[in-house]
Amino acid sequence: MKAVVLDTDDRFHLTDIDQPAPGPGEVAIRVQYAGIQWGDVLLRGGHFPVPRPFVPGFEAAGHIVAVGEGVDEDRLGQQVTALTSGGAYAEVVVAPAALTFDTFGTDLRTAAGCGWAAPTAYDLIHTVGRVRPGESVLIHAAAGGVGSLAAQVAGTAGAGRIVGVVKDAQRAAYAARFGYDQLITREEFTQEFADVTDAPDQELFDVILDPVGGPVRETNLRRLAPHGRLAIYGNLATFEPVALSANDLLMSGKSALTYNGNLLSQTHPDRLAESAREALQLVAAGRIRPEVTAEYEMADLAEAVQRLADGATHGKSVLRIAA
């Protein structure tokens with residue numbers, strides 16, 4: 001079968017490999033679309049310790065063509081989307097049955113656009129941030145796959161005010177369609193919110209979603225309202241640690257919480273599956289939507305990942321595996 005392989009030269013190669021077979025608790029999916037995500041950038045950069053050659057791809061949408069031991073054979077032929085630990089950039093991928101979900105009637109291209117971003121956005125708002133009706137939310141990377149969905153999920157949760165931070169004015173124009181009350185650029189965020197003094201006229205937020213890290217994370221902590229929650233789920237800017245004072249957090253009632261979806265898939269896949277299904281049902285009901293803005297052929301994966309690394313994309317990109 002055809003697959004894209006990341007080899008020891010740090011490059012993606014379209015090649016032929018043997019078709020995998022599902023083991024116990026697994027299903028084999030004939031992939032129609034696969035989602036492209038930031039994990040592909042990290043994988044290429046060596047941040048994930050995987051043996052090479054390795055077939056990347058962590059989000060698949062297609063139809064189940066085989067089931068392993070312990071999996072109901074009635075699932076054969078089911079239209080699904082799946083969260084995987086790799087292998088989705090191939091004509092057939094093996095995925096855990098527990099993390100393979102019915103699309104609830106959503107088309108496969110859109111389902112692939114949900115990927116890990118949909119349950120992540122759902123959990124950041126409901127599980128980590130615990131957004132309550134009327135609360136204010138600040139979302140960084142507001143035009144990205146997670147950010148654009150998180151704004152919509154926050155809206156369904158009854159958030160009173162949703163502010164997004166984007167790279168530039170072009171992304172602000174794009175992100176405006178997802179229900180933000182205000183969008184500001186990174187430069188504006190730095191100027192408006194990064195003052196080290198807590199001026200009384202500076203806006204504070206009940207929940208802040210932070211995939212950035214570094215100085216932005218420090219500023220976010222200052223911009224939390226009393227009892228506010230900082231939801232940390234990435235380090236786009238830097239992996240350098242940020243020092244937090246537990247005593248300072250305690251005195252203001254603030255919390256810094258983290259979310260690691262990949263770890264959750266290993267420790268509590270049932271929790272991740274529940275959030276993924278909730279998010280997919282919101283998509284199917286038309287209450288939220290992933291925005292697929294770019295579609296690539298398998299041979300063009302390197303270009304797609306580089307554009308993502310360069311910050312040249314917004315919304316969600318997918319790889320078309322089958323016509």
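How many bridges join strand β11 (residues 205-210) to strand β12 (residues 224-232)?

Reply: Quick housekeeping. This is a predicted model, so local features need pLDDT of at least 70 and side-chain atom pairs count only at pLDDT 80 or more, while totals for chains, interfaces and linings use all residues. Numbering starts from 1 along each chain as its sequence is written, and side-chain values use heavy atoms, leaving out hydrogens and water.

Now your strands. Five bridges join β11 to β12, and the two run parallel; strands count as paired if DSSP finds at least two bridges between them. Within that pair, L209 stands opposite A231 in β12. Strands here are DSSP E runs of at least two residues, helices are H or I runs of at least four, and both are numbered from the N terminus.

Zooming out a bit, the pair belongs to an open sheet of six strands, ordered β10-β9-β8-β11-β12-β13, with parallel pairing. β10 (182-185) and β13 (255-258) sit at the edges with a single partner strand each, so one side of each has no neighbour in the sheet. From one strand to the next, the twist averages 20°. As background, strands of a sheet pair through backbone hydrogen bonds, either parallel or antiparallel.

What lies across these strands? Helix α7 (residues 214-222) lies across β8 (136-140), β11 and β12, contact meaning heavy atoms within 4.5 Å. α7 runs at about 150° to β12; axes are lines fitted to C-alpha atoms, for helices over the stretch in contact, and angles go from 0 to 180 degrees between N-to-C directions.

Elsewhere, helix packing is worth a look too. Helix α3 (residues 117-128) and helix α10 (residues 269-284) pack at about 100°, with their axes 8 Å apart. They are therefore roughly perpendicular to each other (65 to 115 degrees; under 35 is roughly parallel, over 145 roughly antiparallel, the rest oblique). A118, P119, Y122 and D123 of α3 meet L272, S275, A276, E278, A279 and L282 of α10. By class that contact has seven nonpolar, one polar and two charged residues, where Ala, Val, Leu, Ile, Met, Phe, Trp, Tyr, Cys and Pro are nonpolar, Asp, Glu, Lys and Arg charged, and the others, Gly among them, polar. α3 also packs with helix α4 (residues 145-156), at about 45° and with axes 8 Å apart, which makes that pair oblique.

For context, the protein has eleven helices and 15 strands.
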